[in-house]
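The sequence and the structure are shown below, and the text then follows selected parts of the chain.

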Amino acid sequence: MRSGIIAVLICFLCILPTKSTRATPQNKVLLAAEDSWPPFADRTGQGLSHQLIAAAFSIEHIQVESLVVPYSRALMMARKGQVQGVFNVTRERSTEAGFLFGEEPLFIANASFYYNKNRPLSAQNKWQLPRGTVVGVIKGYEYGDEFAKLSKQLQLVQVASQEQLLNLLLLNRIDAAIMFDKVAEGVIKRMGVKEEILPAFPNHQSRIFLAFSLQDADSPALAKALDKGLRQMKQSGQYQQIINNGRF
């Protein structure tokens, strides 16, 4: 009888969940990809970021599954652990506390203030913008470590897409908009407003990463796998080939 009880206890202990000791991530990763940042990530789930991330992880035999959502929602999903990572996050003080980052950025991107040529800005740089200047930004985006200080003298209007920023400029609803230059270039061309919307001066330069969820035990291993894949792509020339083909 006693031996029977012991056998039952052993079987019970065998089916209890145990803490994972994996040193490497699973062979699939679930990510949230923003939907309004072409040429890096668009609403169809295409773009340079998708290509770079998929290629880097494939080197480490990890398959990527992406959910295409607005950027602010993507950040929230990663913070809650609903996805394992989120596309195109600037590594700065405001994000380092909320996410895990690897060492290799996906790329470096520059952002500038844009304006309607019919309403030129009087400032020569961002610090000269008059107090109360109305500036359009994308909800949830990071705009550099200096922006927390700069924004205190601005009136911010938050929207969900690049097209909304340009429309607000065209309608004179805002004085300026902060846009990443490569993104602005494509959206301005697509909307046919190259003559109306112009860059004024720089805002900041961002190191753009795939940021990983602090809620997921696989995040450190995934970050290392992505770093390894990106380094191998740079050494082989595959990284530059993707960048060139995407007209970065």
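In which strand is the place of Asn-88? Asn-88 has its place in strand E3; strands (E, at least two residues) and helices (H or I, at least four) are DSSP runs, numbered from the N terminus.

The model is a predicted one, in which local features need pLDDT of at least 70, side-chain atom pairs count only at pLDDT 80 or more, and totals for chains, interfaces and linings use all residues. Residues are numbered from 1 along each chain as its sequence is written, and side-chain values use heavy atoms, with hydrogens and water left out.

**Confidence**

The pLDDT is the predictor's confidence in each residue, from 0 to 100. Its mean for the protein is 89, and 89% of the residues reach 70 or more. Over residues 1–23 the pLDDT is below 50, and this stretch has two contacts in the model beyond near neighbours in sequence. Contact here means heavy atoms within 4.5 Å.

**Backbone features**

Most residues other than glycine have a negative phi, and most peptide bonds are trans. Asn-88 is not a glycine, yet its phi is positive, at about 60°. Asn-88 counts as buried because its relative accessibility is 3%; buried means under 20% relative accessible area, exposed over 50%, and partly exposed in between (1.4 Å probe, protein chains only). Asn-172 likewise has a positive phi of about 60° without being a glycine. The place of Asn-172 is in the loop between helix H6 (162–170) and strand E8 (176–180), and with 36% relative accessibility Asn-172 counts as partly exposed.

The peptide bond from Pro-38 to Pro-39 is cis, with omega near 10°. Pro-39 belongs to the loop between E1 and H2. Ser-36 also lies in the loop between E1 and H2 and, at 6% relative accessibility, counts as buried. When neighbours within four places in sequence are left aside, the contacts of Ser-36 are Ala-41, Tyr-141, Ala-160, Ser-161, Gln-162 and Glu-163.

Helix H3 comprises residues 71–80, and Tyr-71, Ala-74, Leu-75, Met-77 and Ala-78 are buried in it. These residues cover an arc of only 165° around the axis, which puts them on the same side of H3; the arc is that of the directions from the helix axis to the C-beta atoms. The buried residues of H3 pack against E1, strand E2 (63–69), strand E3 (85–90), E4 and E9. Just after H3, Gly-81 adopts a positive phi of about 80°.

Helix H8 has 18 residues (219–236), and at 1.5 Å a residue these should span 26 Å; the end C-alpha atoms are 26 Å apart, which agrees. The expected span is 1.5 Å times one less than the number of residues. Among the buried residues of H8 are Leu-222, Leu-226, Asp-227, Leu-230 and Met-233. The elements that cover the buried residues of H8 include strand E1 (28–34), helix H2 (48–59), strand E4 (99–100), strand E9 (197–213) and helix H9 (238–245).

Arg-231 is found in helix H8 and counts as partly exposed, at 33% relative accessibility. Arg-231 is in contact with Glu-103 and Glu-104, its neighbours within four places in sequence being left aside. Arg-231 and Ala-56 are 175 residues apart in sequence, while their C-alpha atoms are 8.4 Å apart in space.

**Aromatic rings**

Rings of Phe, Tyr and Trp (its six-membered ring) pair if their centres lie within 6.5 Å; planes under 30 degrees apart count as stacked, over 60 as edge-to-face and the rest as tilted. By this rule there are ten aromatic pairs, two of which are tabulated here.

| Pair | Centre to centre | Angle between planes | Type |
|---|---|---|---|
| Trp-37 and Phe-40 | 4.5 Å | 35° | tilted |
| Phe-101 and Phe-209 | 5.5 Å | 85° | edge-to-face |

Ring pairs join Trp-37, Phe-40, Tyr-71, Phe-107, Tyr-141, Tyr-143, Phe-147 and Phe-180 into a cluster.
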